[in-house]
Amino acid sequence: MVETIGNTAEGNMIINVGPQHPATHGVLHLVITINGETIQKVEPHLGYIHRSIEKMCESLTYRQFIYVTSRMDYLSAHINNHACALCVEKGLQIEVPTRAQYIRVIMDELTRIASHELWWGAMAMDLGAFTPFFHAFRERESINDIMEETCGARLTMNYMVPGGVMQDIHPDFQRKVKAFIQQFKSKFSEYNEMVTGNIIFQNRMKQVGVLSAEDAISYGCSGPAARGSGVSCDIRKIYPYEIYNTLEFEEVLETGGDSFARYMVRLNEMHQSIKIIEQLIDNIPEGDFQAKTKAVLKLPKGEFYQRVETARGELGVYIVSEGGTTPYRIKFRSPGFSNLSVLDHIARGSKLGDLVAMMGTLDLVIPDIDR
Amino acid sequence: MFLKEYIKEVYSAVKSLLVGMRRTGYYFTHHKEIITQQYPDNRATLHLPERFKGEVVMPHDNNNEHRCTGCTACELACPNGTIKVVTKFDVTPEGKKKKAVDKLVYHLELCTMCNLCVEACPSDAIKMAQTFEHSVYDRNMLTKILNNPGSKIMEGVE
Ligand code: SF4
Ligand code: SF4
């Protein structure tokens with residue numbers, strides 16, 4: 001698991017965690033300098049799962065490149081696809097039908113809940129509690145079933161297309177989503193009983209990995225990692241897209257800056273997502289689910305940028321077009337990369353065992369960091 | 001003073017642990033909420049939604065006729081070269097030459113089940129099947145020819 005590779009002069013020791021390590025949840029390689037149990041330095045090494053997605057996108061058309069982005073942050077696949085579709089729509093100035101916007105937002109929020117569920121289960125497992133993982137997956141499975149029925153896949157749906165969504169919602173969709181909301185509400189108290197209220201768990205989280213608001217901003221953190229430090233950065237509020245400006249929901253903020261604050265932000269965000277879905281699910285307007293678009297999409301010459309709030313933070317899609325059918329250059333600003341860069345800063349001086357709690361609450365998804 | 005605090009902390013830690021254990025114990029003794037599926041024993045009752053994207057297939061009717069015109073729209077829509085349409089020229093009864101599909105080669109090992117080809121097909125000739133157990137011993141078996149041997153295009157499909 002942990003392998004010694006050498007001793008340095010001052011009694012420091014360098015150890016490798018990963019790239020194959022259960023706590024990194026992916027192929028992340030951390031080179032950690034420790035003195036006794038105290039962390040001196042954490043150096044993340046990337047590149048083990050680099051698939052060159054940005055370069056691949058340059059050879060794909062504006063319809064085709066969307067499916068690749070499901071493979072970046074695979075837990076927010078819908079939201080990634082949404083960002084790309086929005087960016088292409090911006091370039092072509094396509095008006096998306098209201099029905100499609102409603103469906104997209106519901107799907108985004110379901111994805112967010114599913115992602116936070118998985119994070120919650122995996123986080124508790126990292127800290128030594130195995131049962132919560134199964135409880136989290138029970139709820140997540142209900143969401144996956146809804147996705148499977150409407151989008152035809154459970155994880156990499158490829159449901160968003162430029163102009164709307166690929167297929168109309170399944171006739172059973174609304175009933176199932178409402179059943180899920182009921183299930184979520186009735187089971188949520190278990191989460192607090194099992195994990196949040198547990199003193200041992202709290203002691204492992206509180207005052208661990210403290211990130212100040214200034215540092216969160218200067219490292220470019222976003223999403224729950226920054227909101228746990230009191231930085232207001234919810235793209236859905238600041239730069240609303242689709243119908244988010246007509247919806248009533250709160251941006252969850254905590255001021256602690258420690259692992260427990262980040263934990264609470266994610267738990268409360270699930271409630272806000274439920275609130276958003278409740279506002280929409282009964283009011284999905286009639287109409288088209290897809291705008292009429294040309295068979296071959298050609299973006300005008302220029303540069304286009306679109307940002308969305310994924311489950312991990314701000315995702316930016318930047319397209320440079322030369323006027324052809326494929327992009328000249330695509331750049332993704334992924335939330336995980338900036339959130340990982342803060343790990344060295346918050347881990348210095350703390351104990352090696354706490355590193356797991358910090359990595360867990362930063363919610364790192366490695367394929368998103370290393371595209 | 002310190003000792004009192006310490007004992008209090010230990011007491012509350014044990015208490016909060018028991019609260020969590022009670023929940024676990026409840027599920028341990030109440031089996032009615034079993035959500036685990038006994039795959040592969042439940043193959044006979046396994047139900048996949050009709051939109052599930054498992055594999056691209058070309059439906060044929062009883063006369064061994066399909067709807068594919070050989071227009072290659074699916075080949076162009078596919079992001080990773082999974083489909084290759086090999087066309088031939090049929091001779092119609094009037095003696096004219098008409099483009100038709102000879103072989104629609106489909107590489108299952110390359111397919112990402114993105115559904116773009118099905119969306120692109122103008123004559124609804126292909127669709128997604130709900131199969132998912134695709135493992136084979138020889139990877140050549142993953143290259144499939146979607147149109148049946150000897151099949152031809154349905155009447156009236158342009
Ligand atoms: S589903 Fe996607 S990857 Fe598979 S053949 Fe169709 S277009 Fe190609
Ligand atoms: S399957 Fe459809 S898109 Fe592909 S060649 Fe046949 S008719 Fe054209």
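In this predicted model, helix 1 of chain B covers residues 2–29, and its 28 residues should span 40 Å at 1.5 Å a residue. Along helix 1 of chain B, the buried positions are B:Ala13, B:Ser16, B:Gly20, B:Arg23 and B:Tyr27. It is chain A that these buried residues pack against, through helix 5 (131–151), helix 6 (173–196) and helix 7 (199–205).

Chain B as a whole is divided into two parts: domain 1 takes in residues 2–35, and domain 2 takes in residues 55–153. Between the C-alpha centres of these two domains of chain B lies a separation of 58 Å.

Turning to the ligand, 13 residues surround ligand 1. The closest are B:Cys78, B:Asn80, B:Cys111, B:Cys114 and B:Cys117. By residue class, the shell around ligand 1 contains nine nonpolar and four polar residues, with no charged ones.

A:Ser70 sits in the loop that links helix 2 (65–68) to helix 3 (77–92) of chain A. Its relative accessibility is 0%, and A:Ser70 therefore counts as buried, the cut-off being under 20%. Apart from neighbours within four places in sequence, the residues in contact with A:Ser70 are A:Ala77, A:Asn81, A:Thr156 and A:Asn158. With one of these, A:Asn81, A:Ser70 makes a polar contact from side chain to side chain at 3.2 Å.

Technical notes:
Residues are numbered from 1 along each chain as its sequence is written. Chains are lettered from A and ligands numbered from 1 in the order in which they are written. This is a predicted model: local features need pLDDT of at least 70, side-chain atom pairs count only at pLDDT 80 or more; totals for chains, interfaces and linings use all residues. Side-chain values use heavy atoms; hydrogens and water are left out. A residue is near a molecule or strand if one of its heavy atoms lies within 4 Å of it. Ala, Val, Leu, Ile, Met, Phe, Trp, Tyr, Cys and Pro count as nonpolar, Asp, Glu, Lys and Arg as charged, and the others, Gly among them, as polar. Helices (H or I, at least four residues) and strands (E, at least two) are DSSP runs, numbered from the N terminus. The expected span of a helix is 1.5 Å times one less than its number of residues. Buried means under 20% relative accessible area, exposed over 50%, partly exposed in between (1.4 Å probe, protein chains only). Contact means heavy atoms within 4.5 Å. A polar contact is a pair of N or O atoms within 3.5 Å; within protein, one must be able to donate a hydrogen and the other to accept it, and residues adjacent in sequence count only if both atoms are side-chain atoms. Domain bounds come from an automatic or database domain assignment.
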